[in-house]
Amino acid sequence: MPTRWADNDHYGHVNNVTYYSYFDTAVNGWLIDATGTDIRELPAIGVVAQTSCKFLGSLSFPDRLRVGLRIARLGRSSISYELAIFREDGDVLELAATGTFVHVYVDDVTRKPVEIPAVIRAAAETVVKLDPTA
């Protein structure tokens, strides 16, 4: 994904809050691609219950980014993602940030927790972290 002109702050680097937008875009973009469905039309929606970010390097417009994700925990009604944002520099990837992102699935009307929709669970099972010590 590209950085955008508006991502830079007064100091000339991507503002810290923008990293959370990259996480959100990566997770939801992956969900749409992996499930082949419009996730907005499911009877349950994923609301963000928790996020964190550890900043390791600076980004700036017009950097190109690559965001990796894996699932650290796949629960009954929640998914915990681990993400890494890399700056592409030719063939080299430079780690800029790592973070977590937790979706809790709720009924789209009542907003009460429900089971993860089957189509999302099936996709999530393909990227669950296999080694719990990693």
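How exposed is Arg4? Arg4 is partly exposed, with a relative accessible area of 47%, on a scale where buried means under 20% relative accessible area, exposed over 50% and partly exposed in between (1.4 Å probe, protein chains only).

Before the tour, a word on the model. This is a predicted model, in which local features need pLDDT of at least 70 and side-chain atom pairs count only at pLDDT 80 or more, while totals for chains, interfaces and linings use all residues. Residues are numbered from 1 along each chain as its sequence is written, and side-chain values use heavy atoms, with hydrogens and water left out.

- Four strands form an open sheet in the order 1-4-3-2, with antiparallel pairing; two strands pair if DSSP finds at least two bridges between them.
- Strand 1 (44-55) and strand 2 (64-74) are the edge strands, each with a single partner, so one side of each is left without a neighbour in the sheet.
- From one strand to the next, the twist averages 25°.
- Helices (H or I, at least four residues) and strands (E, at least two) are DSSP runs, numbered from the N terminus.
- Strand 2 pairs with strand 3 (residues 78-89) in the antiparallel sense over 10 bridges.
- Arg70 stands opposite Glu82 in strand 3.

**Helix 1**

- Helix 1 (residues 16-35) lies across strand 1, strand 2, strand 3 and strand 4 (92-107), and runs at about 65° to strand 4.
- For that angle, axes are lines fitted to C-alpha atoms, for helices over the stretch in contact, and angles run from 0 to 180 degrees between N-to-C directions.
- With 20 residues, helix 1 reaches 30 Å from its first C-alpha to its last, close to the 28 Å expected at 1.5 Å a residue; the expected span is 1.5 Å times one less than the number of residues.
- Which residues of helix 1 are buried? They are Thr18, Tyr19, Tyr22, Phe23, Ala26, Val27, Trp30, Leu31 and Thr35.
- An α-helix has 3.6 residues a turn, so residues three or four places apart point the same way.
- These buried residues pack against strand 1, strand 2, strand 3, strand 4 and helix 2 (118-124).

**Salt bridges**

- How many salt bridges does the structure hold? There are seven, each being a side-chain nitrogen of Lys or Arg within 4 Å of a carboxyl oxygen of Asp or Glu.
- Arg4 and Asp7 meet through their side chains at 2.6 Å, N to O.
- Asp63 and Arg87 also meet in a salt bridge, at 3.8 Å, N to O.
- That pair links distant parts of the chain, 24 residues apart: Asp63 in the loop between strand 1 and strand 2, and Arg87 in strand 3.
- Asp63 counts as buried at 14% relative accessibility, and Arg87 is buried too, at 19%.
- Arg87 forms a salt bridge with Glu94 as well, the closest N and O atoms being 2.8 Å apart; Glu94 counts as partly exposed at 33%.
- Asp63, Arg87, Asp89 and Glu94 are linked in a network of salt bridges.

**Backbone features in the loops**

- Most residues other than glycine have a negative phi, and most peptide bonds are trans.
- The peptide bond from Phe61 to Pro62 is cis, with omega near 10°, and Pro62 is found in the loop between strand 1 and strand 2.
- Arg111, a residue other than glycine, has a positive phi near 65°.
- Arg111 lies in the loop between strand 4 and helix 2 and is partly exposed, at 48%.

- Thr3 sits in the segment before helix 1 and counts as buried at 4% relative accessibility.
- The side chain of Thr3 reaches the backbone oxygen of Asp63 at 2.9 Å.
- Leaving aside neighbours within four places in sequence, Thr3 is in contact (heavy atoms within 4.5 Å) with Val14, Tyr22, Ser60, Phe61, Pro62, Asp63 and Leu65.
- Ile116 is found in the loop between strand 4 and helix 2 and counts as buried, at 4%.
- With neighbours within four places in sequence left aside, the contacts of Ile116 include Leu74, Ile79, Tyr105 and Arg121.
- Ile116 and Thr100 are 16 residues apart in sequence and 18 Å apart in space, C-alpha to C-alpha.

Terms used: Polar contact = N/O pair within 3.5 Å; in protein donor to acceptor, adjacent residues only side chain to side chain.
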